[in-house]
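Dear colleague,

I am passing a structure on to you, and it is shown just below. Please look through it before reading my notes.

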Amino acid sequence: MRSFSTVGRRTICMHSGTALAVLLSLPASRAWSVRVLSEGAEEYRTLGRGLISAAVLVALGGLLFGALRAVLAGQGAY
């Protein structure tokens, strides 16, 4: 049985984190609310708001983990 490389593990963690961010941000923006379903523009607006929130969460997570990696490597944050 082959083991995953470090790059493979990182990729799985990034994909899982992105999926988790989307699954958490959509209900937070009420994109799955019964009131909004089949309402045309309002439905797209809440869906877009949820996906933009997820993108911001993923970007902030990338900055956080990049800074942590630099600090742990002894290079400082910048």
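The notes that follow describe the chain, its pocket and one serine.

This is a predicted model, in which local features need pLDDT of at least 70 and side-chain atom pairs count only at pLDDT 80 or more, while totals for chains, interfaces and linings use all residues. Residues are numbered from 1 along each chain as its sequence is written, and side-chain values use heavy atoms, with hydrogens and water left out.

The chain has two helices and zero strands (DSSP runs, H or I of at least four residues for helices and E of at least two for strands, numbered from the N terminus). Of its 78 residues, 13% are buried, meaning under 20% relative accessible area with a 1.4 Å probe and protein chains only.

The largest pocket holds about 490 Å³ of space (a pocket is an open set of points on a 1 Å grid over the protein atoms alone, where a 1.4 Å probe fits, with protein on both sides within 12 Å along at least five of seven lines; lining residues have an atom within 4 Å of a point). Its lining counts 13 residues, with Cys13, Met14, Gly61, Gly62 and Phe65 nearest the centre; helix 1 (6-28) and helix 2 (41-72) are the elements that each give two or more of them, and helix 2 gives the most, with seven.

Ser25, which lies in helix 1, is buried, with a relative accessible area of 5%. Leaving aside residues up to four places away in sequence, Ser25 touches Gly50, Ser53 and Ala54, where contact means heavy atoms within 4.5 Å.

With best wishes

Definitions and conventions:
Points joined across faces, edges and corners; volume = space filled by probe spheres on them. Buried < 20%, exposed > 50% of the residue type's maximum accessible area, 1.4 Å probe, protein only.
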